[in-house]
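Please read the following note beside the sequence and the structure.

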Amino acid sequence: LKPDPRVPRRLKWPPHSVLAGLSADTREDLLGLGTIQQFGSGETILGGGRDSRDVYLLLDGIVKVVSNTEDGATALQSIRTDGDLVGELASLSDSPRLATIVPIRSCVVRRIGQDPFLAFLRTHPDASLAVNRSVSAQLRNATWHRVEYGSSPVPIRLARLLIQLAIQHGELVPEGIAIQLSLTYLDLAALDAARGPAVHKALASLRHDEVIAQGYRRIVVRDWEALRSIAGITEIPPEDGVLRAWRPHSKKDWPPHSEGASA
């Protein structure tokens, strides 16, 4: 079979992803399931009235997991990138979907039906363990968001959010740590459970104090210690293998590694 030109050839997957936690043989078996699909920015992959139990394996792209609040607003719950699964919770529990998955930019996925996905987990115990860890991490992260974010002012919540995004999606650049996600301030406001103007003001304050630099859909953390001080926390919850309480102190410490991250 000729390789699909839409699928990038990958020798290494992000360390926090589900695919990175699998053995080579198991990873190849999972990558052989389902069919290739491509979605454009803003399209709906899951949710939006669709009640299938299919699972989507992200091969290339970034998606947001969003849900509707009681007042009709949209809340950004989390972000998933290459090597991650989306839709697995509904497939595992055979229950209705509670969230909608929307690409932030064009993405390529493997769409896997519920039956072959569950059969794969039954015959690959290491994959079953990796998926269970991923789901558990998502639930822990959601709980942490509710507890920590609900009781803190917007500037503190935003600082905590930026720390999480930098750890999970950061890349060392000459100016500092660049968050490699194309997010608007409204996206940040949704993830921060705050109103857009409040987040816009908090971002402006961080720019003024040179804690961050900001361009079009680009944020660079310039002063990590200052951001930690504003956040006022001593640990970040692990999500999909991100190292608990990890802090970058020098170039040799970046990027974070996932060894021992399952605590």
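1. Arg 218 and Glu 175 form a salt bridge through their side chains, at 3.8 Å from N to O. Arg 218 belongs to strand 11 and Glu 175 to the loop between strand 8 and strand 9, so the pair ties together parts 43 residues apart in sequence. A salt bridge here is a side-chain nitrogen of Lys or Arg within 4 Å of a carboxyl oxygen of Asp or Glu. Helices (H or I, at least four residues) and strands (E, at least two) are DSSP runs, numbered from the N terminus.

2. The model is predicted: local features need pLDDT of at least 70, side-chain atom pairs count only at pLDDT 80 or more, and totals for chains, interfaces and linings use all residues. Residues are numbered from 1 along each chain as its sequence is written, and side-chain values use heavy atoms, with hydrogens and water left out.

3. Arg 218 is partly exposed, at 37% relative accessible area, and Glu 175 is partly exposed at 41%. Buried means under 20%, exposed over 50%, and partly exposed in between (1.4 Å probe, protein chains only).

4. Strand 8 (residues 170–173) and strand 9 (residues 176–179) pair antiparallel over 4 bridges, pairing requiring at least two bridges found by DSSP. The two strands form a hairpin with 2 residues between them. Strand 9 is also joined to strand 11 (residues 218–221), antiparallel, by 3 bridges.

5. Asp 187 and Lys 64 form another salt bridge, with the closest N and O atoms 3.0 Å apart. Asp 187 lies in helix 6 and Lys 64 in strand 3, 123 residues apart. Asp 187 is buried at 13% relative accessibility, and Lys 64 is buried at 18%.
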